[in-house]
Amino acid sequence: PLSTFPATSFVLLAMQFSSNRKRDSGRLSGALHNNKRAKISIYDVPPTMEISMEEFEQFALDRMRVLKAIDAAKAKGLKPDEVREIIKQQCALYLPLDGKDEYKFMEERRKDEISHFILRIAYSKTEDLRRWFLRQEEILFRHRFTELDVQARNHAIEMLTGTEGGKLLNITEHEWVMHSAGLQKVFGSAVVDDKGNTLQDSSDPWNHVYKVPFEQVLDLVSGRRLLLVDGEAFVVSRDIVSVVISNFRLRLSRHLTENARAFYAKAEEEAERLGPLLENLTNAYLGPSFSSGPVVGRITLDKVPTAMARSAPLCMKALYDTLTDKHHLKHDARMQFGLFLKGIGVTLEDSIALWKEEMMRGGKTSEQFDKQYAYSIRHNYGMEGKRTDYSPYGCGKIINQTPVGDQVHGCPYRHWSAQHLQSALASMRLGPNVVSDVMEKVKGQHYQVACLRVFEATHKGGTVDALNHPNQYFQDSIKYWDAKNGDQAGGAAPAAEAAQTPAKPTEPAAAPIETSA
């Protein structure tokens with residue numbers, strides 16, 4: 001093992017890491033420790049076991065896929081049934097808890113536990129990260145809780161409410177008699193078990209009604225799904241999920257704050273060792289790398305202006321416009337845009353030619369360019385230094401950059417002022433409803449969904465499930481225009497390649513682009 005944390009400091013608190021995988025039955029937390037077939041955990045006690053660094057990363061990335069899918073589904077305003085189906089599909093792929101035999105099920109629980117605690121560390125660093133992680137974990141927990149049978153739900157309820165905040169209590173038979181009229185009126189037709197029986201059908205209805213503090217079930221007020229008695233809320237068992245989720249949210253929120261202090265203050269040595277890996281997790285891009293590799297020549301130099309105008313996302317369009325207007329980009333912007341060009345298939349030779357032409361228009365001599373800039377371009381293409389084949393930046397990395405002053409890199413939806421962004425959207429001939437919708441997404445910090453909305457508005461009938469990379473935006477746009485106009489430009493790469501040569505431009509629409517909100 002590389003090291004072990006003290007029991008009092010967070011981070012996989014007692015979890016150890018080794019270069020070679022070593023099985024350990026270990027200890028799983030909460031419901032998992034007490035119920036071998038539990039399909040839900042409250043993540044109250046970090047697991048104690050050894051895992052390899054490879055598992056560390058893979059487990060975390062798989063959970064990230066689920067949480068990001070949840071975030072994207074909610075941000076797009078999908079219906080509850082649609083969100084539920086997406087969660088079910090993503091969990092089946094990356095976080096299943098349905099192993100048929102005990103060994104497989106224990107492995108699935110192990111992964112679920114470990115991945116939660118790894119991401120809990122990674123997302124505890126800032127308030128924004130904590131808020132995002134808490135929101136997605138709460139939705140995932142709610143989904144899993146509602147999928148449980150009655151017995152498993154009762155076990156989860158006991159785990160969450162039987163310790164902190166007081167035990168959840170059923171009303172007594174006497175209380176049922178005293179308030180039966182009101183209870184029958186509010187809950188009479190409520191289904192209270194897996195067999196479809198209602199409260200009216202039950203022989204012991206008081207065992208299906210709980211009394212809880214009113215402030216824990218505020219979300220039930222608008223639907224009039226509670227009975228208020230002397231400051232306490234009487235809630236039927238089907239709605240007790242509100243109490244459970246409230247407890248889960250409060251516990252996890254507190255743990256996240258405590259974890260941040262413990263890891264980043266008390267475990268300095270471990271933070272230094274794992275810090276970069278954990279930091280990368282919050283910016284992780286989970287799709288294809290869009291690294292050009294041995295495939296070149298997909299976008300030739302003469303086609304770059306057309307491709308950028310029609311198929312580039314706003315972040316790259318802004319960089320290209322700045323380069324062609326001011327004939328210079330600062331280092332961070334050059335990295336962001338230069339790797340994007342590489343990812344769309346611009347060859348090293350064409351990339352150097354493009355940058356050199358623009359820099360010389362800005363006053364640089366050929367010798368100055370070769371001395372100051374050519375090396376870094378060749379380095380990005382893996383032709384200098386360690387000859388690493390660098391990949392273009394994904395949305396996560398771009399969004400989390402911090403441009404200052406007159407720097408122009410980063411994400412327009414995250415870093416531009418509202419006035420600047422609205423002006424840019426209007427220049428793209430987007431109608432007021434679309435602009436309003438995009439700005440609403442930006443206000444809710446759903447920057448990638450805002451970008452997706454722009455894609456949908458500028459590609460009528462085009463569909464993309466989610467956008468996580470500028471080169472994905474470009475690739476999907478090229479595919480859209482090729483399908484719409486036919487591959488008229490010639491020189492396109494095979495369909496299997498990451499990008500294709502754009503078709504000939506079409507005349508712009510005579511009216512603003514408008515789609516339904």
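Predicted model: local features only at pLDDT ≥ 70, side-chain atom pairs only at ≥ 80, totals over all residues.
Local features required pLDDT of at least 70 and side-chain atom pairs counted only at pLDDT 80 or more, whereas totals for chains, interfaces and linings use all residues. Residues are numbered from 1 along each chain as its sequence is written, and side-chain values use heavy atoms, with hydrogens and water left out.

A cavity was taken as a set of points, on a 1 Å grid over the protein atoms alone, where a 1.4 Å probe fits but cannot get out, its lining residues being those with an atom within 4 Å of a point. Points were joined across faces, edges and corners, and the volume is the space filled by probe spheres set on them. By this rule there are 5 cavities of 30 Å³ or more.

The largest cavity has a volume of about 140 Å³; it is lined by 16 residues, of which Cys 315, Cys 395, Cys 411, Cys 451 and Pro 470 are the closest to its centre. At least two lining residues come from each of helices H11 (314–326), H16 (395–399), H17 (412–415), H20 (447–458) and H21 (470–485), helices being DSSP runs of H or I with at least four residues, numbered from the N terminus. The lining comprises 14 nonpolar, 2 polar and no charged residues, where Ala, Val, Leu, Ile, Met, Phe, Trp, Tyr, Cys and Pro count as nonpolar, Asp, Glu, Lys and Arg as charged, and the others, Gly among them, as polar.

The second largest cavity holds about 110 Å³ of space, and the residues lining it include His 331, Arg 334, Trp 355 and Tyr 381. Helices H12 (331–343), H13 (348–361) and H15 (374–380) each give two or more residues to this lining, with H12 giving the most, 4 residues. By class, the lining of the second largest cavity has 5 nonpolar, 5 polar and 1 charged residues.

How values were computed
1 Å grid on protein atoms, 1.4 Å probe; cavity = no way out; pocket = protein on both sides within 12 Å on 5 of 7 lines; lining within 4 Å.
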